[in-house]
Amino acid sequence: MRDTLTGSRIRERRQISGLRQSELAKRVGISPSYLNLIEHNRRRIGGKLLVDIAEALDVEPSLLTQGIEATLISALREAAADAVGQRAEVDGLEEFASRFPGWAGVLAQMHQRVVSLERTVETLSDRLTHDPHLAASMHEVLTTAAAIRSTASILADTQDIEIEWQDRFHKNLHQDAERLAESSKALVSYLDESDAAKTPRSVPLEEVESFFAARNYGFPELEAGGGAESIALDGLNTATARSVAQEILRWCAEDAVAIPLADLKQILAKGEPDPITLAQRFAVDIPTVLRRLAFVPEEYLTRPAGLALCDASGSVLFLKPLPGFVMPRHGEACPLWPLFTALSRPLVPVRKQIAQLGRSAAEFECHAYAWPHAVPGYDQDPAYRSIMLVRPIGEEGASALTHVGANCRVCPSRDCTSRREPSILSEGF
Amino acid sequence: MSRKVLLIEDEPNIAEAIRFLLTREGWQVETHAEGSDAVQVIQSAAPDLVILDVMLPGKNGMDILRDLRELDDMQRLPVLMLTARGQSRDREMAENAGVSRFMTKPFSNAEVLTAVRDLHAQASRA
């Protein structure tokens with residue numbers, strides 16, 4: 001069986017050696033973009049090129065192809081990077097791993113477990129705290145019930161109530177009964193949809209994510225000119241999820257016409273262009289380009305792409321995740337994400353390099369843009385939306401990183417002026 | 001001089017029912033449905049008691065209560081809080097904010113009347 005992680009080990013070794021991707025590529029006589037594909041395990045490597053790379057990295061080729069130690073070292077480096085208030089001797093990692101492989105394994109395993117637990121905390125706190133539909137429905141039902149109970153009780157218990165008051169309360173009672181019927185129906189239908197779902201209770205956005213992930217964010221039917229309605233919405237159990245998915249599919253269909261895949265493929269083959277350049281080339285707006293790059297088949301890109309979309313309240317409307325890119329689905333995300341900062345500078349393209357705290361030092365290049373999504377009419381404020389394309393930092397390397405967290409509850413940053421609430425991590429979780 | 005209660009509630013039919021009940025009990029009832037200026041309204045109305053909803057437009061009842069208790073002359077003002085959220089965490093938050101009595105929706109008219117009478121009697125004795 002082909003070892004699928006040789007590229008990751010090359011990347012790991014290159015980083016240990018302090019070599020830039022472009023430097024290593026030059027030494028072994030290949031293009032940086034080709035090396036990038038190798039490092040992301042998307043191109044096979046063997047023979048003379050493997051030997052050359054091993055030589056340039058000053059390691060045995062077998063270490064790159066077998067590489068248990070390299071994988072372990074990678075995990076230990078992640079543990080060191082995530083440590084708070086403790087500086088590990090990163091230079092001595094290899095010696096530590098080779099002298100105490102058992103302890104090194106335990107440390108790596110514990111770190112993986114911490115990361116996994118942090119993810120669980122994020123997911124659970126996201127779900128428990130934020131099911132806005134349920135909270136709003138319950139509030140509506142209870143408030144209406146309170147009004148009915150109080151009014152009915154007045155009518156039943158007050159002997160000498162004036163006729164005008166009686167009429168008024170009967171009218172209120174009728175209004176509230178209607179309201180209660182509607183809100184109860186909505187609540188029951190919402191809970192029914194939850195029960196009908198095959199997976200444990202999920203919010204609509206999670207369903208939408210699963211729907212697109214199952215199709216690998218690619219729709220050959222739309223690339224061939226088909227409309228959004230040609231896509232079957234399998235697996236979407238709630239009306240909300242279906243509606244959100246349909247809107248996104250409509251964009252995909254429109255974007256596929258505005259930026260034809262064949263033309264885009266030719267451009268991408270020559271290297272990844274800047275989104276603004278692409279927008280000018282196809283005479284489209286920036287949101288179209290950012291969406292298109294997130295939904296183009298992955299094999300055409302040198303690096304994977306994630307996407308986030310929110311409205312002016314910061315509510316996330318769509319997420320295409322990426323390994324290491326964590327953003328809560330319902331509010332309470334870190335306001336330092338360019339997705340949100342773009343909202344304060346509408347129509348200004350924002351580009352930032354991001355390091356996500358609390359993770360394995362995941363670093364991303366983000367392009368964000370806020371624009372008036374809908375214009376209601378003259379002299380009325382437009383409804384803004386913001387979109388952000390998220391990609392791993394490319395061969396140009398990281399500089400001037402902005403640090404962001406997932407959300408305050410699980411963010412280790414101590415001196416953040418944007419903090420809304422204490423981190424549970426600082427309380428010894 | 002009649003006793004005055006200020007009812008801050010954005011649900012008009014609840015406000016109307018409570019206003020009716022308390023008026024018949026001899027209270028002068030003023031109503032207000034907005035959270036953002038509630039503290040100023042309380043200060044200018046100078047009521048003997050406040051009935052305060054939690055979910056209000058502009059500012060929620062918990063924040064209003066906290067801001068109110070920061071004011072020197074509002075430390076002892078009886079505040080009856082009404083909310084659809086009756087979890088112990090909400091009750092605790094209300095107590096920390098300085099609530100006098102906490103009542104969850106849907107409440108009965110008798111409960112509201114009893115609470116208002118009790119709170120007023122306690123405040124009068126103090």
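**Figure 1. Pairing of strands β1 and β5 of chain A in the predicted model.** In this predicted structure, A:Cys310 has A:Ser386 of β5(A) as its bridge partner. The two strands, β1(A) and β5 (residues 383-392) of chain A, run antiparallel and are joined by six bridges. Of the six residues of β1(A) (residues 306-311), five are buried, so the strand is largely enclosed by the rest of the structure.

**Figure 2. The hairpin of β1 and β2 of chain A.** Strand β2 (residues 316-320) of chain A pairs with β1(A) in the antiparallel sense, over four bridges. Within this pairing, A:Leu319 of β2(A) stands opposite A:Ala308. Four residues lie between the strands of the hairpin, and A:Gly314 takes a positive phi near 90°.

**Figure 3. The right-handed β-α-β crossover of chain B.** Six bridges hold the parallel pairing of strand β1 (residues 3-8) and strand β2 (residues 27-32) of chain B. One of the paired positions is B:Val5, whose bridge partner in β2(B) is B:Val29.

**Figure 4. The open five-stranded sheet of chain B.** The strands of chain B follow the order β2-β1-β3-β4-β5, with parallel pairing. At the edges stand β2(B) and β5(B) (101-104); each has a single partner strand, so one side of each is left without a neighbour in the sheet. From one strand to the next, the twist averages 20°.

**Figure 5. Helices α3 and α5 of chain B across the strands.** Helix α3 (residues 61-70) of chain B lies across β3 (49-53) and β4 (79-83) of chain B. The direction of α3(B) is at about 145° to β3(B). Helix α5 (residues 109-125) of chain B lies across β1, β3, β4 and β5 of chain B.

**Figure 6. Contact between chain A and chain B.** Sixteen residues of chain A are in contact with 15 residues of chain B. On the side of chain A that touches chain B, the elements giving two or more residues are α9 (132-157) and α10 (163-196) of chain A. Helix α9(A) supplies the largest share of that side, twelve residues. By class, the side of chain A that touches chain B comprises seven nonpolar, seven polar and two charged residues.

Note on methods
Residues numbered from 1 in each chain as written. Chains lettered and ligands numbered in written order. Predicted model: local features only at pLDDT ≥ 70, side-chain atom pairs only at ≥ 80, totals over all residues. Buried ≥ 20, exposed ≤ 12 C-beta atoms within 10 Å, placed from the backbone. Pairing = 2+ DSSP bridges. Right-handed = clockwise from strand over helix to strand, strands pointing away. Contact = placed C-beta atoms within 7 Å. Nonpolar A, V, L, I, M, F, W, Y, C, P; charged D, E, K, R; others polar. Axes fitted to C-alpha atoms, helices over the stretch in contact; angles between N-to-C directions.
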